[in-house]
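Please look over the sequence and the model shown here before reading on. The report that follows starts from a single residue and then widens to the elements around it.

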Amino acid sequence: MKLVVAIIKPFKLEEVKEALSEIGIEGMTVTEVKGFGRQKGHTEIYRGSEYTVDFLPKVKVEIAVPDDVVSKAAEAIVKSAKTGKIGDGKVFVVPLEEAIRIRTDEAGDAAL
């Protein structure tokens, strides 16, 4: 099993959700986060004062998937989240040692 973690632009969330649903991935955890990468934020003027916005709003999507679905899931996220502009985000694939469904005590792939 793997945990696929994607940091994407907020307005791309619905497209990513639909793309994952099309390949059979139903469940996901979504968190509103802030961060920056190469774009390093930008400056804005508010009431005559200039200030730097370092952390930009992003969305973090986490999905637990069996090993045989990882490449399809990552590909679906990349295709649906891509705008071609800086700040599109990243996808991380992390090993997942165990998953347990609390309601039924199912473990491993059955819990996903």
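In which loop is Lys9 found? Lys9 lies in the loop between β1 and α1, where helices (H or I, at least four residues) and strands (E, at least two) are DSSP runs numbered from the N terminus. The model is a predicted one, in which local features need pLDDT of at least 70 and side-chain atom pairs count only at pLDDT 80 or more, while totals for chains, interfaces and linings use all residues. Residues are numbered from 1 along each chain as its sequence is written, and side-chain values use heavy atoms, with hydrogens and water left out.

Is Lys9 buried or exposed? With a relative accessibility of 15%, Lys9 counts as buried, given that buried means under 20% relative accessible area, exposed over 50%, and partly exposed in between (1.4 Å probe, protein chains only). Apart from its neighbours within four places in sequence, Lys9 is in contact (heavy atoms within 4.5 Å) with Lys58, Thr83, Lys85, Ile86, Gly87 and Asp88. Val59 is 50 residues away from Lys9 in sequence, yet their C-alpha atoms are 6.1 Å apart in space.

**The sheet**

Four strands form an open sheet in the order β2-β5-β1-β6, with antiparallel pairing; two strands pair if DSSP finds at least two bridges between them. Because β2 and β6 (89–95) stand at the edges with a single partner strand each, one side of each is left without a neighbour in the sheet. On average, and with direction ignored, neighbouring strands of this sheet are turned by 20 degrees against each other. Axes here are lines fitted to C-alpha atoms, for helices over the stretch in contact, and angles run from 0 to 180 degrees between N-to-C directions. Helix α1 packs on the sheet and touches β1, β2 and β5, its direction making about 10 degrees with that of β5.

**Helices and core**

Helix α1 (residues 13–22) packs against helix α2 (residues 70–81) at an angle of about 145 degrees, and their axes are 8 Å apart. In this contact, Glu15, Val16, Ala19 and Leu20 of α1 meet Ala73, Ala76, Ile77, Ser80 and Ala81 of α2. By class, the contact of α1 with α2 holds seven nonpolar residues, one polar and one charged, where Ala, Val, Leu, Ile, Met, Phe, Trp, Tyr, Cys and Pro count as nonpolar, Asp, Glu, Lys and Arg as charged, and the others, Gly among them, as polar.

The largest nonpolar core has 17 residues, and those with the most contacts inside it are Ile8, Leu20, Ile25, Ile63, Val65 and Ile77; such a core is a set of buried Ala, Val, Leu, Ile, Met, Phe, Trp, Tyr and Cys residues joined through side-chain atoms within 4.5 Å. The elements giving two or more residues to this core are β1, α1, β5 and α2, and α2 gives the most, with five residues. Beyond its neighbours within four places in sequence, Ile77 is in contact with Val4, Ala6, Val16, Leu20, Ile63 and Val91.
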